[in-house]
Amino acid sequence: MVRVVEDVFGIAVNPMTQKTDHVRRFTLCTEKGMSVAILTLGGIIQSVRVPDANAKLEDVCLGYDDVAGYYRNQKFYVGAIVGRVADRVARGRFRLCDKDISLSRNHKDLYHLNGGYVGFDSVIWDVVGIHKDGVTFQHVSPDGHEGYPGEVTVNINYSLNETGCLGLRIEARAKETTCINIGHHCLFNLAGHSSGRDTLYQHMIMIKANKIVDTDLEQIPTGKLMPTRNTPYDFSTLTNLGKRLNQVNRCPISGFDNNYCVDVDPNQVKLVARAVHPCSGRFVEIHTNQPGVHFSTANGLPQEDRGDVPNVGKGGAHYSQHSAFCLQTQKYPDAVNNPEFPTVIINPGQLYDHQVVYRFGACPKRV
């Protein structure tokens, strides 16, 4: 039986109202000891504690101990819901219903990223349901916010079960034609959030895709899809992540930050990715109904060996470049400017339905 425990995580100013509000934390706990903590700030998943092959619990997602930590590191979107449109929109511009739409250009004044200056990651979500296995949050995004047309109401249901499945169901409806592409940016290290780069290199990754979205040096899509076979980007079978990171380390991005094109039916939730940490036995499977998985390896976190200022997380842990991975389910980046990509356009009366399940477990350790 899953328990839902509520406490107050801190106090923050809601950017939508400019009023001070409590940041509530809901911790979902199973009888087997797994727990997931979720914040009303940004819909953030603040911790995920899962057992290894010997039933030893570790927190396997990066995060911070207080609101100030999340504010200080907002640009990394750690654990947060990102939207109204996740990922990049080239030049912050597109055409919709024969109108030119201009969004905020919050990244280098070049393009729109993850919903703008005040995206879904920055707002305090309303709690509209507390259930036997989870909670439901809601946010109403106003017409014109960050340049987006149409008021949008988003509901996210977070649930946990005794089989180790953490589910997010993201539903949205718009009052006029707009674009929606919501993602969840949780950074994982299955050896433990504080265990660092060396343990990330031990991970094995599988993504059920044979193409990625081709991009330029600013990571804006070119409109083409690039085959991954016989390249360092091929994770079609379980592959050692450290080996692949060494292969791309001298590339301009210095790591992975790529949208993988997975073959799924929007009406079905299917396995699209798997990560395994052989030394602890922990694994996570990603199941979704979305056509894209954005795989990244915390490339923007500091390189302390080069003198960067440390990023201090939960319990004083130092988070560094390539110390975690993210498998963010979504539609393709800049789909608004690439009509051949799966559409992100939503019309009035149409339901946006994004489902993702993280199934955690443990298998015998590799000696």
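## The largest pocket

A pocket is an open set of grid points with protein on both sides within 12 Å along at least five of seven lines, and its lining residues have an atom within 4 Å of a point. The model described here is predicted. Its largest pocket has a volume of about 1,100 Å³. The lining of this pocket is made up of 39 residues. Nearest the centre lie Lys75, Arg88, His107, Asp257 and Gly300.

By class, the lining of the largest pocket holds 17 polar, 15 nonpolar and 7 charged residues. Strands β24 (292-296) and β27 (326-330) each contribute at least two residues to this lining.

## The second largest pocket

The second largest pocket has a volume of about 270 Å³. Its lining consists of 18 residues, and those nearest the centre are Pro266, Asn289, Gln290, Lys331 and Asp353. Two or more lining residues come from each of the elements β28 (345-346) and β29 (352-362). In the lining of the second largest pocket, 10 residues are nonpolar, 5 are polar and 3 are charged.

## Helix α3

Helix α3 covers residues 241-248, and its buried residues are Leu241, Gly242, Arg244, Leu245 and Val248. Seen down the axis of α3, these buried residues fall within an arc of 160 degrees, so they line one face of the helix. Lys243 and Asn246, on the other side of α3, are exposed.

What do the buried residues of α3 pack against? Their partners are α2 (197-200), β17 (204-207), β20 (239-240) and β24. Strand β24 also supplies at least two residues of the lining of the largest pocket. Gly242 is itself one of the buried residues of the helix.

## Arg274 in strand β22

Arg274 belongs to strand β22, which runs over residues 270-276. Its side chain is joined to the side chain of Glu285 by a polar contact of 2.7 Å.

Which residues does Arg274 touch, leaving aside its neighbours within four places in sequence? Arg274 is in contact with Met204, Ile205, Met206, Leu238, Phe283, Val284 and Glu285.

## Backbone features in loops

The peptide bond between Gly83 and Arg84 is cis, with omega about 20 degrees. Arg84 sits in the loop between β6 (80-82) and β7 (88-89).

Cys97 and Ser254 are residues other than glycine with positive phi values. For Cys97, phi is near 55 degrees, and the residue lies in the loop between β8 (93-96) and β9 (99-102). For Ser254, phi is about 55 degrees, and the residue lies in the loop between α3 and β21 (257-262). Is each of these residues buried or exposed? Cys97 has a relative accessible area of 53% and is therefore exposed, the cut-off for exposed being over 50%. Ser254 has a relative accessible area of 16% and is therefore buried, the cut-off for buried being under 20%.

How values were computed:
Residues numbered from 1 in each chain as written. Predicted model: local features only at pLDDT ≥ 70, side-chain atom pairs only at ≥ 80, totals over all residues. Heavy atoms only, no water. 1 Å grid on protein atoms, 1.4 Å probe; cavity = no way out; pocket = protein on both sides within 12 Å on 5 of 7 lines; lining within 4 Å. Points joined across faces, edges and corners; volume = space filled by probe spheres on them. Helix = DSSP H or I, 4+ residues; strand = E, 2+ residues; numbered from the N terminus. Nonpolar A, V, L, I, M, F, W, Y, C, P; charged D, E, K, R; others polar. Buried < 20%, exposed > 50% of the residue type's maximum accessible area, 1.4 Å probe, protein only. Arc of directions from axis to C-beta. Contact = heavy atoms within 4.5 Å. Polar contact = N/O pair within 3.5 Å; in protein donor to acceptor, adjacent residues only side chain to side chain.
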